[in-house]
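My notes follow in the order I made them.

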Amino acid sequence: MKINKNLTSQLGRNADQPGKGSDFAFYDWLQGTDKQPTLPKIFLWLLDDLKEENDPAEVKKVLDLWQQSTDINEFKNRMALLEKIMPPHHPFHNLKNEYK
Amino acid sequence: MDTTSEAARIPEKAKKTKDAQKGFEFTGAIEDLKTGEIGGNVKRLFEFSSLLSKDNRTKLGEHLQRYEACSPEFATKFLADRRLQNRVKKIAQSLAESDERLLSLGEAEICCDLMEPGKEDISQIIEAMSPKKQFKGLVELKGPQVAGKRLADLWEQLKYITDPEQGREATEYIQAAFKKLGLGPPNDPATLEALLSDPKKIDLLKRDKYLQDIYAALLDDRSMDSMDRSVEFYWRKDESGEKLPVMYVERYAVNPKTESVSKLGFEITLETEVRPDGTKRKKRIMQNVMIVIDEQARGSNEGSQFLLSLMPIINKFGIEEGEFVANLKIGSYNWTKIADMDVPSMVKTLSNEDLKDLGKDAEDEKKAKAFIMQHKILPTFEKNMAIAIGIFLHSIKNPGERQKMEQKLVKELMEKEYGKIKEKALAGEAAMEDLANLGKDLRVFRFDEDGHVVAPDNPKAKIEGHLGKAAIMGIPWKARVPLTREARFGMIEKLQRGSPIKALMQKMGILFNIG
């Protein structure tokens with residue numbers, strides 16, 4: 001049996017009540033514009049997780065992303081941060097010179 | 001000849017086989033295994049299965065197919081392969097940790113097909129989806145209470161049926177099925193109470209085959225047999241008729257002070273991907289994400305804690321992509337920053353009539369996108385634009401001022417600017433963000449907390465925004481995001497726009513000595 005429905009979404013406050021459920025607060029919370037630092041926390045987690053990455057190609061993707069999305073000073077700051085926290089044999093150390 | 005020595009000369013293996021044929025209780029062992037009990041019965045099952053005669057092997061294999069929903073291949077392998085037996089054991093034990101159990105060995109087959117070997121501890125996912133654990137002050141709903149809530153959800157879904165005739169039929173059938181048991185409609189609190197005090201009625205409802213069909217059609221192929229569980233396994237057929245494994249996890253908890261119900265859940269499944277060179281591979285995705293949160297329970301750190309708890313799950317179980325439906329008022333807008341419309345997923349949601357109109361263009365992503373824009377996105381966008389502008393203009397008392405704004409909003413933005421974007425969209429070349437950015441610099445509109453446009457002087461006006469935001473809010477669309485490391489970093493960049501690390505870390509109270 002196929003019953004065609006309109007797309008529904010259940011994300012946020014009152015999400016399962018038709019007509020309600022806008023939830024600005026939910027999305028503020030999700031994207032970190034509220035008082036809670038959601039995005040920085042996830043960013044930190046991802047940084048820590050990046051230590052587990054063995055594939056230089058995958059690390060390069062992240063560095064390329066940052067180079068495109070941040071200005072020169074911020075990019076330099078992030079590279080300095082990785083220099084400090086990536087373990088000695090991490091692929092980052094072989095790639096960093098390509099970005100000087 | 002001395003019979004004792006004769007008995008002694010029978011090889012060890014044959015002796016064990018004789019024991020096997022005398023019997024350990026096979027069905028008892030399977031029942032124990034399904035509940036995660038791996039004591040004597042199950043041990044003997046695994047020990048003796050490799051020693052079974054061909055006849056017994058066939059008989060037991062047939063039993064597994066007929067009563068345990070196993071495929072012939074799985075049934076055969078289960079009786080012979082120690083590694084598969086261990087995987088099934090681990091799955092059952094993991095479920096038991098979350099107070100769940102396998103309903104059939106066929107469910108273990110689905111889980112084995114879905115997850116890589118070594119990734120059987122699915123209780124990690126079930127536990128992460130507990131609203132009681134994630135948010136403060138909630139009481140978990142279990143068993144019959146969950147079944148009752150799901151039936152209420154089913155009733156709510158009727159509102160979204162596109163064909164009024166089909167909607168009417170389904171509504172009447174459900175009402176009749178409940179009336180037969182002396183119950184009112186599923187969303188009536190008295191009905192829930194009646195079901196809880198007499199759970200046998202839930203079993204009777206489950207036996208209604210047509211009701212089962214309606215339930216599956218409205219709730220993404222799920223089964224009423226699993227209405228009272230927090231985890232469910234089933235097969236779903238894709239367009240080419242291939243069976244794909246699905247695991248659905250969903251948990252409920254109630255705030256006793258307000259009676260509002262929170263739920264967390266999502267589905268993990270495999271999708272066939274055709275590579276550029278024509279070869280196929282299966283990728284693991286998450287979809288049908290449910291995050292319904294009680295307003296009071298959502299306090300200081302729960303949001304980030306919840307998202308953080310998803311991160312290791314994405315890593316560990318190898319989830320490669322996530323599909324989300326943005327249609328909450330503000331969600332439709334925010335998601336445009338993160339992703340664009342996923343055309344293949346949107347095509348899957350089209351009605352049969354729409355699919356007929358779309359025809360062969362369904363395979364051309366640009367043409368399909370143009371079709372979806374034309375029929376599913378732009379009409380509502382245009383209506384919303386007109387309403388938002390109308391409300392705003394109506395609130396301006398000064399005629400000169402009103403005329404000025406009318407010129408700006410109607411002539412320049414709605415007609416000229418939007419006209420250009422519409423042309424792009426009808427050629428399949430516009431992104432959702434193009435629509436959302438319309439009139440970005442003119443943040444004259446005001447919204448209440450439910451995302452409705454209100455006059456600026458309305459006391460309910462809480463949030464401000466521009467025309468594109470007002471127009472796109474509430475339009476449902478599907479976004480797909482990859483979940484690789486780079487992609488997750490990328491989402492953060494898009495939401496925080498290359499924010500300085502120092503500022504981010506300071507917000508966390510962490511100072512790095514950089515440079």
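I started with the neighbours of B:Thr191. Leaving out residues up to four places away in sequence, I found that B:Thr191 touches B:Phe178, B:Leu183, B:Gly184, B:Pro185 and B:Pro186. Contact here means heavy atoms within 4.5 Å.

Before going on, I noted the ground rules. This is a predicted model, where local features need pLDDT of at least 70, side-chain atom pairs count only at pLDDT 80 or more, and totals for chains, interfaces and linings use all residues. Residues are numbered from 1 along each chain as its sequence is written, chains are lettered from A and ligands numbered from 1 in the order in which they are written, and side-chain values use heavy atoms, with hydrogens and water left out.

Next I checked burial. B:Thr191 has a relative accessible area of 2% and is therefore buried (under 20%; exposed is over 50%, partly exposed in between, with a 1.4 Å probe and protein chains only). I then looked at its side chain. A polar atom there lies 3.1 Å from the backbone oxygen of B:Gly184.

I placed the residue next. B:Thr191 sits in helix α13 of chain B, residues 189–197. Helices are DSSP runs of H or I with at least four residues, strands are E runs of at least two, and both are numbered from the N terminus.

Which residues join α11(B) to α13(B)? I listed B:Pro144, B:Gln145, B:Gly148, B:Lys149 and B:Leu151 in α11(B), meeting B:Leu192, B:Leu195 and B:Leu196 in α13(B). That contact holds five nonpolar residues, two polar and one charged. Nonpolar covers Ala, Val, Leu, Ile, Met, Phe, Trp, Tyr, Cys and Pro; charged covers Asp, Glu, Lys and Arg; the others, Gly among them, are polar. The two helices pack at about 145 degrees, axes 9 Å apart. Axes are lines fitted to C-alpha atoms, for helices over the stretch in contact, and angles run from 0 to 180 degrees between N-to-C directions.

I turned to α12(B), residues 164–180. It packs on α11(B), residues 143–157, at about 150 degrees, with axes 10 Å apart. The pair is therefore roughly antiparallel (over 145 degrees). Here B:Leu151, B:Leu154 and B:Trp155 of α11(B) meet B:Thr171, B:Ile174, B:Gln175 and B:Phe178 of α12(B).

Last, I took the chain totals. Chain B has 25 helices and ten strands. Of its 515 residues, 51% are buried.

Methods
Parallel < 35°, antiparallel > 145°, perpendicular 65-115°, else oblique. Polar contact = N/O pair within 3.5 Å; in protein donor to acceptor, adjacent residues only side chain to side chain.
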